[in-house]
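The stops below are meant to be taken in order.

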Amino acid sequence: MIKDKHSTQPSETASDATLVQCIAQINITNLPELINCDIKQEYDQIYLLINHITKRLDNEVQHAKINLLQAAKNGPMYGCLSGINALLTIIHHDKYENQKQINEWRTVFDHLIKICLEIASITGPIVSSSSPEGMMPMELTDISSKDEDENSNGQITSQMLLVCCWRTIKEISLLFSRLGQIGIKHIQNENQYRFINLKQVHIICNYYMEQLLKSRHCGAYELAYTGFLIICEQLWSSNCDELCNLPIKWIENGIKMVQENSLDKNKLCLTRRSGGLPFYLQSILTDEPIKQRGQQRTYVAKLMETLLNIIQNDPDTIQIDGQVLENSRKIHAYNTVRSFYRNQRFANDVFPYIERSLHLSITGFTSSIWMIRNSATLLLSTIVQRIFGPSKTKDGEENLSKKNSMTSREFFNKYPSLFHLFYQQLQQTTRTRSSIESLSSSCLFAILLILRRLYPSPLDGIDCSLTLDKLLPFVIKCEESPLLRIREHSSKALLALIHHDQYSTIINQQISQLMKQPKDKIRQNTLHGRLLQINAIFESMKKNHLQFTFNSSLNLQDMLSSLEWCIYQNNCSLTQYCYLELLYNIHCQIASNDLTNSIIHYMSNILKTADKVTIGSDDLTRILTRLIIRLEYVDAQFKLFMFVEQTRTELSFVETLLSENNLSLFENNLRQWVTDLLLTMDLFNEQLYTKACELLLKIIDKTHNYERLTRRIVELIEKLRRPMSLAASFCLISELLPLCSSSKNNDDDLIKLVYDRMNDFVNGESNDECACAILNLLSKARSCLYNSCNAERKCHYWGLILKLSSFPSDAVRETFIKVIPLIIDDQRLSGVFGANCYLTQNVLFEYFTCDALLYSTSDLFVNLVLNLFIDLLREINSSDEGEEEIRLDRRLWPSSEGYNNVFVTQNESCDHYCACYGKHLLSALEKILGKSSKVNIDKTIAMIRDQCNRLIDIQTEAYNRFLIRQRSTVRLNLMIEFLRITHSLQGIQLEKLPQQWTSHY
């Protein structure tokens, strides 16, 4: 087990550390002999184990000094450190009162601190590199090249080196934090301490500062933050005045260095969100004492004031040696402020600064330095999330939940100065066309991002000087922006500023202005932005079930005649789409033959002239499809198919069809189009393939012969990679297969192909969605797949169902319970009984056994049961490395039933289900063997007998060596039961096991 500390597998390192903990807490009288310890006197078991692992660690460190690359492969150090950490967590340090014992622990801890610092000096250059992910020092490469001939298959990559280094740093950080927890509370002064002294505390703290300020690898500095947080918590509550004042001294020096710009710029990380600098400051201040409940912490307030002053007053660039460079201090200030807003533990401390921080993040959008704009963007998104909460919807920004919004009155009452900031920025950036097209207009994005999260309050303008009507003309003016996202956000933000009763008025005003402007003087950006705003209002009216009416000065015919140029004399797909969307929205509100005829003419023109892919083609395809379906314009189908092919917008077309309900008039031609698409398409776009399968499933013709298409789908399954595509394929086959009519030979060939594809999946990587689709396929296409006269086909059918019945997933079990009653007509599968997966499985095996017993020679069924049984044993005995040899290893032990045993597989929660499934298999096998002629299964018996004896040796060794009993023996019990029913128990060493384990045999 200690040897496994050399493992390079992090999962094994974690489990070995837990195993060491368990062994340390067991009274093992001969432990010194087991670890080859020559100490004569009695020692604490934890002390002996730490000493022993430390010696191994010393050896690995010596190898790392010579060749770090080979150490990363053969002795990565973090395994031993993990074991020591696990043992330190179970030390009851308060029980040591004997001065001799305390001195021994002092020696151990002193050695650990020194060896850890030595390790950090070896691995530190890797994690502190500007690009640690690909770091491979030349001096190490030269050394390792000498060993390549000796081990050509074991080449060490930069990734292996990085994993070794950052995990080692991680374990050192956790070890030092544990030493701090054990020792700091007992320090009174320089001379009065128990385990570690003041000098060692300073050494540990300096290590953390070095890692947090120098490391570039996020894993290294994030774990250093976790450890330093624990140390600072101990320091703030320490009885020693010197230690208690350390955090205050650090933060005061930090604030002073920031103010004086005396930070070591070569040490700090400008990229990676300033690296560990924000974590360093947070770890010091997280446990700063609060003088009075509800008040801010003193030094957090000081730091926030300092950082915000830097952001506000510092220039974006500085001049160094004649070069103009970005102001790194300002970037670090942005990133650090953001980190405090992200940390929930500082929520009350940073709340008073939200208004000012928002102000600075918005103004940061206008910076000419990209890094500052980027940092300001990140700060804005963090503050917006702090104010409005995390997104409650899947599509986030597209459809905001009401839970992520608040009334404009509430928002501006909380942050009144923001209203004036918004007003000022909107006024300045929308004053002229040149200003709205300048770089400074990018701050509009930030303002609109916030405004779109607001909605009007019925009390707007009452007892409040902040009337949103002042912002309305400026937000409308944002329609002219050259930035697409600003135009889109302006259409959403507009809804926050107007009440429902103003909707029709605003729409009429916007359309009137559009009609008055000459077509040769209106820009495409302005046209697009204005149409977006009108359509956004229509969408809101639809959600709120409001009715639109034209006012007296505007009518539909005038609008159609004035704006027809948007289609006939406009080549921009985006604005064509928006205008057709406007007509679609009006058609939903007002029934008009003139409008219908105009839309048909417009669509005919677009379908006739489109011949290439342009920006907005996808949107144009969507609105054309929706209009054709709404107007029932059947004659345009083939033109639309050609348009979709020319513009390569098949995915948008299919997605739109899936969202529409009334396709009855178009089904025949659509069905043929989708069939041709599936027959001819490659799998470059699996998303399109999946959607096409779903669409054909929706409009399938039950009278058509789909043999050719079915064969094509079966062929494509081999090339698919996405689980959704596989599931869609199996779902489609379940409908197509019963509709295939062909000769007997062709039918048998197709069924065999379908079975091969299903078996490939079931025996390979499992996925719940695909497993459920196969269960439905077995149910719906049972008439094709299950042939009562064909034993081989029967065997395939039962094999798949039985294998799927053993899947541990709740989703698969739920589908299994629903599907089995459709396959087996049995009253017991209804009601409460049928809702129980175990009882359903009982009925399933009963019918399977009856089917198998119908044949005098049952080789197929016996082999099926044996294969399923061996697969089950492999799953219980899952091995990551595929080793054939069975040894004392955590992965070979069956898991416990509801307990956290260290000897477990990944299927711990499924053991009981596996045991029931295995018993069903063996019961069926016993019945089949009892009736059928002799079947040669000697090889299987020999293999299971051999594994059974070796597993008995493992369990006996564990029982005798660790004085514990494995709480679940699923695998062993199943093996012994198999040997019993095959009359092959001779030679099985059952006498080695304790009597209470084998009494029932």
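**Before you start**

This is a predicted model, in which local features need pLDDT of at least 70, side-chain atom pairs count only at pLDDT 80 or more, and totals for chains, interfaces and linings use all residues. Residues are numbered from 1 along each chain as its sequence is written, and side-chain values use heavy atoms, with hydrogens and water left out.

**Whole chain**

Show the protein chain as a cartoon: its secondary structure comes to 49 helices and four strands. Helices (H or I, at least four residues) and strands (E, at least two) are DSSP runs, numbered from the N terminus. Of the 1001 residues, 54% count as buried. Buried means under 20% relative accessible area, exposed over 50%, and partly exposed in between, with a 1.4 Å probe and protein chains only. Contact means heavy atoms within 4.5 Å. Among contacts between residues at least 6 apart in sequence, 74% join residues at least 24 apart.

**Helix H6**

Select Gly124, which lies in helix H6 (residues 99-127). Gly124 counts as buried because its relative accessible area is 9%.

Next, select residues 317-320, strand S1, and residues 323-326, strand S2; the two run antiparallel and are joined by four bridges. Two strands pair if DSSP finds at least two bridges between them. Thr317 has Glu326 in S2 as its bridge partner. S1 and S2 form a hairpin with two residues between them, and Asp321 in the turn has a positive phi of about 55°.

**Helix H26**

Select residues 524-543, helix H26: its 20 residues reach 28 Å from first C-alpha to last, close to the 28 Å expected at 1.5 Å a residue. The expected span is 1.5 Å times one less than the number of residues. How many of the 20 residues of H26 are buried? The count is 15, so the helix is mostly covered under the cut-off of 20% relative accessible area. After H26 comes His545, with a positive phi near 55°.

**Two loop residues with positive phi**

Most residues other than glycine have a negative phi. Select Glu632, a residue other than glycine whose phi is positive, near 55°. Glu632 is in the loop between helix H31 (617-631) and helix H32 (637-647), and is partly exposed at a relative accessible area of 45%. Then go to Arg648, in the loop between H32 and H33. Arg648 is not a glycine either, yet has a positive phi of about 55°. Is Arg648 buried or exposed? Arg648 counts as exposed because its relative accessibility is 68%.

Select Arg671 in helix H34 (residues 667-680). Arg671 is buried, with a relative accessible area of 9%. Its side chain makes a polar contact of 3.1 Å with that of Asn668. A polar contact is a pair of N or O atoms within 3.5 Å; within protein, one must be able to donate a hydrogen and the other to accept it, and residues adjacent in sequence count only if both atoms are side-chain atoms. Leaving aside neighbours within four places in sequence, Arg671 is in contact with Leu696, Ile699, Ile700, Asp701 and Tyr706.

The whole structure holds 34 aromatic pairs. Phe653 and Trp673 form one that is edge-to-face, 5.0 Å centre to centre with 85° between the planes. Phe653 lies in helix H33 (residues 650-659) and Trp673 in H34, so the pair ties together parts that are 20 residues apart in sequence. Rings of Phe, Tyr and Trp (its six-membered ring) pair if their centres lie within 6.5 Å; planes under 30 degrees apart count as stacked, over 60 as edge-to-face and the rest as tilted. Phe653 is buried at 1% relative accessibility, and Trp673 is buried at 15%.

**Other rings**

Move to Phe845 and Phe848: the ring centres are 6.4 Å apart and the planes are at 90°, so this pair is edge-to-face. The two are three residues apart in helix H44 (residues 837-852), about one helical turn. Both Phe845 and Phe848 are buried.

Finally, select Phe176, Tyr207, Tyr208, Phe228, Trp250 and Tyr280, which form one aromatic cluster.
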